[in-house]
Amino acid sequence: MAPPAQSQRSPSPSQPSGKSEVSDLKLQLRQLAGSRAPGVDDSKRELFKKVISYMTIGIDVSSLFGEMVMCSATSDIVLKKMCYLYVGNYAKVNPDLALLTINFLQRDCRDEDPMIRGLALRSLCSLRVANLVEYLVGPLGSGLKDSNSYVRMVAVMGVLKLYHISASTCIDADFPSILKHLMLHDSDTQVVANCLSALQEIWSAEASTSEEASREREALISKPFIYYLLNRIKEFCEWAQCLVLELVTKYVPSDSSEIFDIMNLLEDRLQHANGAVVLATIRVFLQLTLSMTDVHQQVYERIKAPLLTLVSSGSPEQSYAVLSHLHLLVMRAPYVFSSDYKHFYCQYNEPSYVKRLKLEMLTAVANESNTYEIVTELCEYAANVDIPIARESIRAVGKIALQQYDVNAIVDRLLQFLEMEKDYVTAEALVLVKDLLRKYPQWSHDCIAVVGNISSKNVQEPKAKAALIWMLGEYSQDMQDAPYVLESLVENWDEEHSAEVRLHLLTAMMKCFFKRPPETQSALGAALAAGIADFHQDVHDRALFYYRILRYNVSVAERVVNPPKQAVSVFADTQSSEIKDRIFDEFNSLSVLYQKPSYMFTDKEHRGPLEFADELGNLSIGEAANNVVPTQMVEENDKDLLLTTSEKEETKGSRNNGSAYSVPYDGSSTSVFASQTQIESAVSNPTLAGHSPQASFAIDDLLGLGIPAAPAVLSPPQLKLNTKAALDPSTFQQKWRQLPVALSQEISVSPQGVAALTAPQALLRHMQSHSIHCIASGGQSPNFKFFFFAQKFEESSNYLVECVINTSSAKAQVKIKADDQNTSQDFSTLFESALSKFGTS
Amino acid sequence: MLQCIFLLSDSGEVMLEKQLTGHRVDRSICDWFWDHVISQGDSFKSQPVIASPTHYLFQVVREGITFLACTQVEMPPLMGIEFLCRVSDVLSDYLGGLNEDVIKDNFVIVYELLDEMIDNGFPLTTEANILREMIAPPNIVSKVLSVVTGNSSNVSDTLPGATGSCIPWRAAEPKYANNEVYVDLVEEMDAVINRDGALVKCEVYGEVQVNSHLSGLPDLTLSFANPSILDDVRFHPCVRFRPWESHQVLSFVPPDGEFKLMSYRIKKLKSTPLYVKPQLTSDAGKCRVNVLVGIRNDPGKTIDSITLEFQLPPCILSADLNSNHGTVNILGNKICSWTIGRIPKDKTPSLSGTLLLETELERLHVFPTFRVGFRIMGVALSGLQIDKLDLKTAPSRLYKGFRALTRAGEFEVRS
């Protein structure tokens with residue numbers, strides 16, 4: 001009945017079907033506009049409905065704007081709603097015409113029906129036209145004071161919308177403080193919740209420029225406010241509860257009794273019908289107990305049942321989201337769930353992404369007592385109609401075997417898979433048998449007997465073929481026909497498309513040759529010849545390498561190609577534990593579903609409203625942006641190693657001239673000098689290796705680079721720091737996220753300091769001597785990044801510092817966070833004086 | 001927070017678009033989404049949360065309608081999914097079912113509802129009870145009323161009283177001539193029986209559904225005879241937590257109308273009411289099938305609507321299957337469905353026949369899974385029993401009704 005959907009991107013009149021109707025509608029609307037005849041509302045309603053339906057299916061009806069506004073003078077609420085909807089949709093593209101609507105919307109904002117007041121206010125704020133903001137302030141102000149909570153609720157959201165259109169107007173009208181007052185005093189919880197979400201957004205956006213806003217934002221996670229919300233939590237609607245719970249995760253309780261109070265208060269939220277509330281509560285529990293190992297364990301036990309119920313009760317979409325979270329927890333603490341393995345059995349008509357998660361969980365929870373049953377279950381999936389899942393389940397069986405439970409029985413099952421005569425089952429099983437043999441060489445006898453019966457012609461997948469070839473090479477002394485099977489594979493060299501298989505074939509031929517030379521020699525020759533002629537670079541290189549090493553010395557070749565092997569004890573995990581921890585920190589977010597921490601997929605600007613900038617996790621991943629120097633440095637170093645000392649002197653002198661003329665003072669080249677100096681001093685005096693400020697200072701002076709006078713050493717303030725401070729990284733991370741930035745400043749680093757900073761370690765030692773300890777560092781010249789912490793003497797008050805030093809600009813960006821805000825200035829002075837001494841002492 | 005909601009028809013057509021924030025989401029995202037769905041084969045296989053190049057998308061599919069929400073910020077995924085589920089529940093409640101036509105006919109109401117359910121991307125009221133007071137459902141009664149009274153607006157003049165009350169789920173003080181309350185126990189049995197006929201897993205997921213038409217502010221207490229068998233429970237927000245904690249009693253002020261009071265889970269049940277014994281033997285390119293179905297454990301009431309369904313493996317060329325009771329159909333997508341109904345007294349229903357395999361195949365390697373359906377009226381198979389339902393300050397005329405029902409959930413028999 002409706003024309004096909006069209007993208008709204010092209011409002012050009014490219015839709016002949018819609019065009020004539022639109023002009024028709026225009027005419028009819030114009031006729032009705034002035035009419036006061038009875039029943040006119042009904043015909044208007046029909047027309048409006050048509051307009052909206054066109055709008056909905058994507059036909060551009062913005063040309064009717066004028067007529068629609070003319071017709072909007074009505075008392076019919078449905079007509080009004082349709083009109084609001086229309087106006088809201090097109091005001092942005094017709095800012096001039098939107099002015100026309102302001103009048104009737106403002107009038108409606110004073111209507112006696114609270115519903116109409118609210119709706120009009122909502123529409124007014126949804127126009128989002130920048131030059132109309134002046135008309136918003138008045139209605140919003142009275143809306144916030146309205147006697148009806150519905151209008152107040154709408155007005156609060158309106159303030160946030162206004163903020164997004166024009167932040168300055170919103171701040172100038174002092175709306176945030178009105179919202180704050182409402183948040184603390186309004187009787188309606190929905191108004192409170194809306195205030196909370198609006199203020200969170202406004203203050204986070206303002207925090208970077210206004211100290212007051214950042215203080216206010218901190219006040220949101222202060223004890224009195226959090227308790228105010230927690231005590232009323234049951235009055236909030238379920239969605240607002242989620243909001244409150246999210247805020248509570250940011251709160252750091254002062255002691256363990258407080259933690260228990262909060263958990264007791266929230267315990268019944270775990271039985272809420274809304275899954276979002278349950279997950280938000282679980283997150284609070286997990287976060288609160290992070291540092292209390294045994295309680296944390298109990299929390300796992302406690303949340304297990306609600307999570308499992310959520311999985312089985314909701315719609316497939318909900319259970320997937322819950323299952324992803326469960327997956328995360330199972331991976332962290334498999335033993336807690338080991339008795340619930342039956343919940344992870346796959347149902348026949350579950351979508352495969354759910355089955356995949358369940359298979360991983362089954363693998364994780366396997367232990368001595370349940371392995372038999374789990375493996376039995378997994379083996380049933382191997383005959384599954386869904387081939388990818390059948391493959392996954394075979395892989396899962398293999399993984400369980402690698403966990404060392406009940407290996408004996410599992411090997412039998414894997415060998416049964418090999419006899420199932422289904423190509424994909426055979427392929428997966430071969431890969432697994434290979435991995436098993438690498439870990440448990442003692443099973444080789446049983447396995448080889450079965451593998452030997454597999455015809456290589458039935459194995460087509462490269463991975464499986466490579467595995468088979470590897471086994472043929474590795475165990476050629478036990479397999480009667482190994483040389484001949486390999487030989488036939490070599491004969492078909494040209495038909496083998498996978499380079500991986502050809503590489504393995506070369507190696508297997510070599511191994512076979514060492515074990516059974518007479519039978520293999522000719523085939524090896526053929527393989528090497530084919531390999532050397534191969535177009536693939538790696539295959540070619542390996543063949544050539546084998547050929548040459550064989551010519552050089554056969555016994556050396558054997559030592560290289562086929563040394564005695566150690567059984568593999570642990571296979572490397574694909575995902576680093578650091579990433580897993582980070583995902584865990586972002587429990588109840590999309591990260592869990594994507595199995596990636598949010599910094600890997602969201603843009604910074606789009607992160608949540610209370611997300612504090614923390615790049616702690618990024619450090620290890622490396623921040624080598626705009627990093628040109630290292631390569632240059634390596635070159636220089638190479639050169640240095642080849643030159644004699646006198647030559648070095650010369651090059652230094654000449655280059656010094658060059659750089660001195662072109663750039664008066666160039667930090668990056670200084671760091672190169674410094675590295676030279678270091679090498680020099682390391683050569684002359686190995687005990688001084690690492691850092692030699694004296695030498696670098698002397699050279700800097702010698703080169704006459706015009707060092708600016710070292711900044712006057714600041715007198716150390718009264719603050720005393722604990723020399724033996726200790727802080728574990730997870731606490732640091734947690735604190736860093738929760739504390740506000742107390743101070744943020746730029747400190748210039750003395751040239752001596754820059755010169756000494758060739759590697760992060762140099763600065764670490766220096767700062768440690770000033771009782772400032774490093775918790776993480778990284779980066780390469782010219783950008784270094786450090787996270788320091790310090791503790792007040794005889795008090796447990798911590799200072800956390802993020803320090804980014806750019807050696808080419810000789811500047812350090814310092815951000816300080818402190819438990820005790822009052823002393824952060826003192827600490828900052830102390831930090832600055834410590835940093836300024838770097839390289840001079 | 002959510003930035004936009006789309007409703008798509010089963011052909012991918014955008015039926016409705018609701019922008020929620022200032023960041024306008026272009027409709028082209030739907031084209032991307034639909035291409036993605038098609039590339040996945042069918043919507044069932046597509047994940048509920050996907051990342052498009054520009055947005056993160058939540059999707060919930062109900063009755064062929066796709067509810068699609070877009071966001072660019074990190075947010076609790078269940079909030080998005082739960083909200084969409086609620087939207088679909090409320091809409092089907094309002095429109096008396098969901099399909100393309102009913103949405104297109106009532107899109108103004110859908111807009112109105114969405115307007116009240118979410119503001120600036122943050123969910124507000126999703127209780128159908130409250131919404132019904134703000135926006136009248138498009139039913140026949142209101143149409144008649146509007147003709148009679150001449151008031152054509154479908155919006156009530158008053159604001160819902162509950163928005164200001166401290167019981168957000170209950171509308172202010174309804175009045176009924178007949179006070180009635182019905183309590184239904186509805187259970188679903190999930191079971192897996194493995195190749196050797198052993199019961200691998202058997203558990204019940206149950207709900208207590210209440211339909212209440214009570215005047216004033218009724219305070220109800222519901223107790224079970226054997227609450228200790230419950231493994232885990234979840235409650236409607238109206239249930240008070242303390243009485244349950246201390247003596248497993250449900251004390252609550254109910255919302256008006258139908259609602260789900262509680263859901264529960266009972267694991268490790270020992271037996272199933274039915275047995276299903278499949279036998280497949282194959283050789284020389286043929287597979288003989290024989291399936292027997294019978295009563296294992298008589299629940300005391302009749303078991304009806306018994307069905308058996310299985311997917312024929314893809315390597316089967318043709319199937320010739322017959323039964324001694326009920327009807328056997330082979331559907332287009334190679335699903336064989338056997339409708340048994342009730343088990344006759346005089347014989348055991350059986351399905352038998354042969355499957356012809358593809359030419360190169362000797363034996364069958366992929367075995368079908370049989371999905372069983374049944375329904376038992378009058379019994380909660382978990383054994384949960386309602387003890388009594390009390391009403392504080394009982395009105396003069398009060399009618400209380402109790403029912404129970406068990407049906408098969410994911411009941412699977414592997415062969």
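How much area is buried between chain B and chain A, and what percentage of it do carbon and sulfur atoms give?

1. **Basis.** This is a predicted model, in which local features need pLDDT of at least 70, side-chain atom pairs count only at pLDDT 80 or more, and totals for chains, interfaces and linings use all residues. Residues are numbered from 1 along each chain as its sequence is written, chains are lettered from A and ligands numbered from 1 in the order in which they are written, and side-chain values use heavy atoms, with hydrogens and water left out.

2. **The interface.** About 8,800 Å² is buried between chain B and chain A, and carbon and sulfur atoms give 56% of that. Buried area here is the accessible area (1.4 Å probe) that two parts lose on being put together, summed over both. Chain A puts 102 residues into the contact and chain B puts in 91. Contact means heavy atoms within 4.5 Å.

3. **Charge pairs across it.** Nine salt bridges are counted between chain B and chain A. A salt bridge is a side-chain nitrogen of Lys or Arg within 4 Å of a carboxyl oxygen of Asp or Glu. B:R86 pairs in this way with A:E238, with 2.9 Å between the closest N and O atoms.

4. **Helix 14 against helix 16.** A:E238 also belongs to a helix contact within chain A. Helix 14 (residues 238-248) of chain A packs on helix 16 (residues 275-288) of chain A at about 15 degrees, axes 9 Å apart. The two are therefore roughly parallel (angles under 35 degrees). Helices are DSSP runs (H or I, at least four residues), numbered from the N terminus. Axes are lines fitted to C-alpha atoms over the stretch in contact, and angles run from 0 to 180 degrees between N-to-C directions.

5. **Who meets whom.** From helix 14 of chain A come A:E238, A:Q241, A:C242, A:L245 and A:V248; helix 16 of chain A answers with A:A276, A:V277, A:A280, A:T281 and A:V284. Seven of these residues are nonpolar, two polar and one charged.

6. **Helix 13 against helix 14.** Helix 13 (residues 223-231) of chain A packs on helix 14 of chain A at about 150 degrees, axes 10 Å apart. A:F225, A:I226, A:L229 and A:L230 meet A:V244, A:L247 and A:V248. The contact has seven nonpolar residues, no polar and no charged.

7. **A link within chain A.** Over all chains, the structure holds 42 salt bridges. A:K304 and A:D340 form a salt bridge at 3.0 Å, N to O. This pair ties distant parts of the chain, 36 residues apart: A:K304 sits in helix 17 (residues 293-313) of chain A, and A:D340 in the loop between helix 18 (316-332) and helix 19 (352-365) of chain A.

Note on methods: Parallel < 35°, antiparallel > 145°, perpendicular 65-115°, else oblique. Nonpolar A, V, L, I, M, F, W, Y, C, P; charged D, E, K, R; others polar.
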